[in-house]
Amino acid sequence: MTIGRGELWAGRIFLLVLMAFTILPFISIFTTALHPSGTVPNGLEWPADPQWGNFVTAFRVAEMPALLWSSVYLVIAVVPVALVIATMAGFAIGHLRIPGARVLLALFVLGLTLPFPGIIVPIYLVERALGIYNTRLAIVLPLIALYMPFAVFWMRAHFVSMPGEISEAARVDGATTWELFWRIHVPLARAPLASLAILLSIWTWNQFLLALVLVEDPSQRTMAGALGAFQGQYATDIPLLCAGTLLILLPTLILFVLFQRQIIAALLQGSVKG
Amino acid sequence: MVTAVMTPENSPPALVVAQQTSRRNRARREHIVGWLFVLPALLIYAVFVLVPLLLTVGYSFFRWNGIGPMSWVGLKNYQTVLEVPDLLGTIVNAFWLVVWFSVIPVALGLIVANVIHRVAIGRLGAVARTVLFLPQVIPLVAAGIIWGWLLSLSGLVNEILTAIGLGALTRAWLGDFDTALPAVGVIGVWVLLGFCTVLLLTGMAKIDAALYESARLDGAGWLREFVAITVPLLRNEIGVCLTVTVIAALAAFDIVYVATGGGPGNATAVPGIQIYVLAFSQRQIGLASALAVLLMLLVIVVILPIQRLSREDP
């Protein structure tokens, strides 16, 4: 392709401007976080006397250790269970082709475009009736359920493409359906399972609405849910709010930098198949 | 599935019958096992999604405060949603957000992806991809908080405007009736642009370069190529971008809740926020449910044509 010098530079400058648009907000909250607590600094100004202590204060008042533990706990409680039951369902619908598979698939696909605010009210009422409102289960169970449409759809897409000969060979050797699933098909599904695990972890970590409505104690919520509460408390102390926001973002940012290739790939595939 | 070593042709008749029944039994057992595989997923999905879905529809026909007795009001809640300006306004706002969250990121994403594809295939392109994608992985709540500060009176946006001599324009962007909704929209552009760009870019990489060569031989310019080759061949990717971003716009909650809470007045109230307020502050479960049903229908009505258009072969 031949490209003129002018176009080359115009294009590069355009990209740099957009990258600045993306990055400047982060830089701005970083410099703001270093200003004395309680002041209202200007957007990008480097403080005369950087207050690194703000991060310590935010770490303490945001109860970061409890928060991190709570978020990790939720991811550990949600993701493995969701992966296992969605994979089993995807396997049965996509590979075993049980009778009613089409209806089941349609039922799950129905939930694919469901906006969470649409069913949050009855979820709240159902949880009150079940007595799990305001416990960690209050977030865990509906999240697993809300992931089912996508996760089942995703795993089914993998199992549909697996040739039937693999299973037939195993059957001749006398494998039961359960053995067939665990010994042969799950190991072969490692790639789509890994992507799905990344997606579900990010979505759980960032989930806000369910945490806000279903759990009152911020230290039992997700990272995003806690951040919302933190904002409510420290809305007027802007440097502290920025410091807390950065701290809460830090784990995500580190993971993204380390695994950016996998994360981007997972999010893209996730949307294409969904 | 056929595992019997003896085939019916070479086995005695009695055995054939026995074999057939045992095979039928096996098939039936296998189906039951298959259903058992689906059962856990189906059960939790039913309790926490399908039942709430039906309950939402059910509640929408009642007046109910969540605790006391329910009284049947038929379609009155729907009528209220469609007649009260503040409630109908949330749906109008949702459509404005579609422009900001969906149309602009997809259109701009097409341009950015095209630029990266043409002038920055190397290192700059790789860095740009990563940087632009970054907002997609942080919680939307964080995006709301960050931009809440940037768009405030002494925030970065006003500082930049003053620096370039547009000081007259400065204001509290999220607190002004005229600018609050577009300001929320800008947050959406920031979050979703990278996602659209990267997705469209992967699609562009798949387009056969020979198509562009032959177009150029026919004397097609940059714009012609873009309109006649790039866009039609990216139909699928554009469809995916639109689907994801339209749902993000219509179901928006996190960003709005944190950045404006729906205000000033009802300037940025969207259905998600209004459902939350109606149900949990005003205890009008029926009205909240009617709005929720309308929201869910709206998403389907908007998404279906996009899906159909993008899946069709060019």
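**The end of a helix**

Guide: Let's start where helix 3 of chain A stops: the next residue is Arg97(A), and its phi is positive, near 45°. A helix here is a DSSP run of H or I with at least four residues, while a strand is a run of E with at least two, and both are numbered from the N terminus. Before going on, note that this is a predicted model, where local features need pLDDT of at least 70 and side-chain atom pairs count only at pLDDT 80 or more, while totals for chains, interfaces and linings use all residues. Residues are numbered from 1 along each chain as its sequence is written, chains are lettered from A and ligands numbered from 1 in the order in which they are written, and side-chain values use heavy atoms, leaving out hydrogens and water.

Back to our residue. Most residues other than glycine have a negative phi. Arg97(A) isn't a glycine, yet its phi has that positive value. You'll find Arg97(A) in the loop between helix 3 and helix 4 (101-110) of chain A. With a relative accessible area of 54%, Arg97(A) is exposed; the cut-offs are under 20% for buried, over 50% for exposed and partly exposed in between, using a 1.4 Å probe and protein chains only.

Now walk back into helix 3 of chain A, which runs over residues 64-96. From first C-alpha to last, its 33 residues reach 46 Å, close to the 48 Å expected at 1.5 Å a residue (1.5 Å times one less than the number of residues).

Inside this helix sits Phe91(A), whose partner Phe181(A) belongs to helix 8 (residues 177-188) of chain A, so their pairing ties together parts that are 90 residues apart in sequence. The two rings are 5.0 Å apart, centre to centre, with 50° between their planes, which is called tilted. For rings of Phe, Tyr and Trp (its six-membered ring), a pair needs centres within 6.5 Å; planes under 30 degrees apart are stacked, over 60 edge-to-face and the rest tilted. Both Phe91(A) and Phe181(A) are buried. By the ring rule there are 33 aromatic pairs over all chains. Some link up into a cluster of Tyr124(A), Tyr133(A), Phe208(A), Phe253(B), Tyr257(B), Tyr276(B) and Phe280(B).

Rings turn up beside charges too. Arg12(A) lies over the face of Trp9(A), 5.1 Å from the ring centre, and Arg171(B) lies over the face of Trp173(B) at 5.0 Å. To count, NZ of Lys or CZ of Arg must be within 6 Å of the ring centre and within 35 degrees of the ring normal.

Chain B has a positive phi to show you as well: Arg283(B), not a glycine, has one near 60°. Its spot is the loop between helix 12 (271-280) and helix 13 (285-311) of chain B. At a relative accessible area of 31%, Arg283(B) is partly exposed.

One last stop, back in chain A: Gly53(A) belongs to helix 2 (residues 53-61). Its relative accessibility is 37%, so Gly53(A) counts as partly exposed. Between the C-alpha atoms of Gly53(A) and His35(A) there are 9.9 Å, though the two are 18 residues apart along the chain.
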